[in-house]
Amino acid sequence: MTLDGFQTRVASITKGWTKSDLEYLMLLLTEEVGELARSVRTLGTTRWGHEEEGEGSEEQILEELGDVLFLIARIASGAGVDLNEATVKVIDKIERRVASRSGQTRVT
Ligand SMILES: [Mg+2]
């Protein structure tokens, strides 16, 4: 699935959802980032000798990354921006930064 397709599908699925203001979505994103952080922090660990079901596993990280991406797509649409364009811009920005730090001219 492309980012454009993902953003379009997320917008379609969430059309009509009442709680869609950007402030609320940012709170949800923060919550999901916290869940992702916990999954990453506990990856491969056990608590009291017993693995907690679904926590700290690659599967859980995959789920939480999906939740984060879902909310990012909702926020992008809510703000009227294109997620694909955001990825192009960030890659361009980071490549320029890396090239600048290494004294190289970026290859385009
Ligand atoms: Mg989650």
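Author: The model is a predicted one. The chain holds four helices and zero strands, and from the N terminus its elements follow the order α-α-α-α. Of its 108 residues, 9% count as buried. Among contacts between residues at least 6 apart in sequence, 67% join residues at least 24 apart.

Helix α3 comprises residues 58-79. Just after α3 comes Gly80, with a positive phi of about 75 degrees. The buried residues within α3 are Gln60, Leu71, Ala73, Arg74 and Ala76. Their cover includes α1 (3-14), α2 (22-41) and α4.

Two packed helices are described by the angle between their axes and the distance between the axes. For α2 and α3, the axes come within 9 Å and cross at roughly 160 degrees. An angle over 145 degrees counts as roughly antiparallel, and α2 and α3 are therefore roughly antiparallel to each other. The crossing of α2 past α3 is left-handed. On the α2 side, the contact is made by Leu22, Leu25, Met26, Leu28, Leu29, Glu32, Val33, Glu35, Leu36, Ser39 and Val40. On the α3 side, the residues are Gln60, Ile61, Glu64, Leu65, Asp67, Val68, Leu71, Ile72, Arg74, Ile75, Gly78 and Ala79. By class, the contact of α2 with α3 consists of 15 nonpolar, three polar and five charged residues.

The packing of α1 on α3 is described in the same terms. Here the axes are 9 Å apart and the angle is about 85 degrees; α1 and α3 are therefore roughly perpendicular to each other. Phe6, Gln7, Val10, Ala11 and Thr14 of α1 meet Phe70, Ala73, Arg74, Ala76 and Ser77 of α3. This contact of α1 with α3 divides into six nonpolar residues, three polar and one charged. Helix α1 itself has twelve residues, which at 1.5 Å a residue should span 16 Å, and its end C-alpha atoms are 16 Å apart, in agreement. Gly16 follows α1 and has a positive phi, near 90 degrees.

Within α1, Val10 may be taken as one example. Leaving out residues up to four places away in sequence, Val10 touches Phe70, Ala73, Arg74 and Ser77. The C-alpha atoms of Val10 and Leu69 are 9.8 Å apart, although 59 residues separate the two in sequence. Val10 counts as partly exposed because it has 19 C-beta neighbours inside 10 Å, whereas 20 or more are required for a buried residue.

On the side of α4, Leu83 provides a second example. Leu83 lies in helix α4, residues 83-102. It counts as buried because 20 C-beta neighbours lie inside 10 Å. Apart from its neighbours within four places in sequence, Leu83 is in contact with Leu3, Gln7, Ala73 and Ala76. Of these, Ala73 and Ala76 are among the buried residues of α3, and Gln7 also takes part in the contact of α1 with α3. From Leu83 to Ile72 the C-alpha distance is 8.3 Å, over a separation of eleven residues in sequence.

Terms used. Residues numbered from 1 in each chain as written. Predicted model: local features only at pLDDT ≥ 70, side-chain atom pairs only at ≥ 80, totals over all residues. Helix = DSSP H or I, 4+ residues; strand = E, 2+ residues; numbered from the N terminus. Buried ≥ 20, exposed ≤ 12 C-beta atoms within 10 Å, placed from the backbone. Contact = placed C-beta atoms within 7 Å. Expected span 1.5 Å × (residues − 1). Axes fitted to C-alpha atoms, helices over the stretch in contact; angles between N-to-C directions. Parallel < 35°, antiparallel > 145°, perpendicular 65-115°, else oblique. Left-handed = near helix turned anticlockwise from the far one by under 90°. Nonpolar A, V, L, I, M, F, W, Y, C, P; charged D, E, K, R; others polar.
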